[in-house]
Amino acid sequence: MLNEIQLGPVTIHMYGLMIGLGYITAYLISCLRARKKGLNEDILWGILICSILGILTGSRILYYIVSIPQILKDPSILWNFKNGYVVYGGISFGILFGYLYCQKKKASFFKYFDLVMPAVSVAQGFGRIGCFFAGCCYGRQTASWFHIIYTHSDFAPNNVPLIPTQLLSSAGNFLIAGFLFWYASKAKTTGTVGAMYMILYSVGRFFIEILRNDFRGEWGGLSTSQLISVIVLFLGILLFVLLKKRKSIVASTEG
């Protein structure tokens, strides 16, 4: 797939372009929703900056963890920043850094959690399109009509029909975003939109992993991301139930 487009003297890297579009779109969507909800856009900007730092840090750390055997054989992997970023690590640290920022600013984390996570799903949808162009996160070989054949990829096997798992992931993320925007308009318990993101994304990610064929680490027969998906699903359900229960207790106390 053509990851580099040459426009005169300018080279456009589609992966980076899609990642950038994802961040910008997510931020603009969050700003619009923040105004409607009366939330502080300065706080939102701070969360964005801290989350980006968390994403870059976390995605790299998790990559190092799952690549320990490879790093022991070739330590140069440690300072090769061309690739080697794991989404789950980025999401986890992005949320953590955002939480710490909210704590410092004494802002309601769950309100901003609900605000941002649907937009994060949109950003992920764009990001997976970037993966499609680059050829990373590729799928298994297939005889189906629904496939992609790379000819100049630095990541995917070339000249082999592969399941376009990147496009499936992208479509799934956009669908999750659409559902979360709808759910956010109905939800009456703060924090449940973010919890719902955790539930939906972890389920989708678990199953898409079955179709992928790139190296992602393995733990007890599950890929690293599948194992994390199980944990995130449990935490998402637990958070959803506890938030609902807490609201019910508060409502009964006030009543």
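A helix, in the sense used here, is a DSSP run of H or I that is at least four residues long, and helices are numbered from the N terminus. With that in hand, one can turn to the model above, which is a predicted one, and begin with the chain as a whole before looking at some of its parts.

The secondary structure of the chain comes to eight helices and six strands. Along its principal axes, the C-alpha trace spans about 65 × 45 × 40 Å. The radius of gyration of the chain is 19 Å, which agrees with the value near 18 Å that a compact globule of 255 residues would have. Of these 255 residues, 44% are buried. When contacts between residues at least 6 apart in sequence are considered, 64% of them join residues at least 24 apart.

Gly 217 is found in the loop between helix 7, which covers 192-211, and strand 5, which covers 218-219. Is Gly 217 buried or exposed? Its relative accessible area is 14%, and because buried means under 20%, Gly 217 counts as buried. Leaving aside residues up to four places away in sequence, Gly 217 touches Val 66, Leu 222, Ser 223 and Thr 224. The C-alpha atom of Gly 217 is also separated by 9.5 Å from that of Ile 68, although these two residues are 149 residues apart along the chain.

The next topic is charge. Side chains of opposite charge can pair when their charged atoms come close. The structure holds four salt bridges, and one of them is formed where the side chains of Glu 41 and Arg 35 meet, with 2.8 Å from N to O. Glu 41 is partly exposed, with a relative accessible area of 26%, whereas Arg 35 is exposed, with a relative accessible area of 52%.

Another salt bridge joins the side chains of Glu 209 and Arg 205, at 2.9 Å from N to O. These two residues both lie in helix 7, where they are four residues apart, about one turn of the helix. Glu 209 counts as buried at 1% relative accessibility, and Arg 205 counts as buried at 6%. The side chain of Glu 209 meets that of Arg 212 as well, in a salt bridge of 3.3 Å from N to O, and both Glu 209 and Arg 212 are buried. Through salt bridges that share partners, Arg 205, Glu 209, Arg 212 and Asp 214 are joined into one network.

Methods
Residues numbered from 1 in each chain as written. Predicted model: local features only at pLDDT ≥ 70, side-chain atom pairs only at ≥ 80, totals over all residues. Heavy atoms only, no water. Buried < 20%, exposed > 50% of the residue type's maximum accessible area, 1.4 Å probe, protein only. Contact = heavy atoms within 4.5 Å. Rg over C-alpha atoms; globule rule 2.2 N^0.38 Å.
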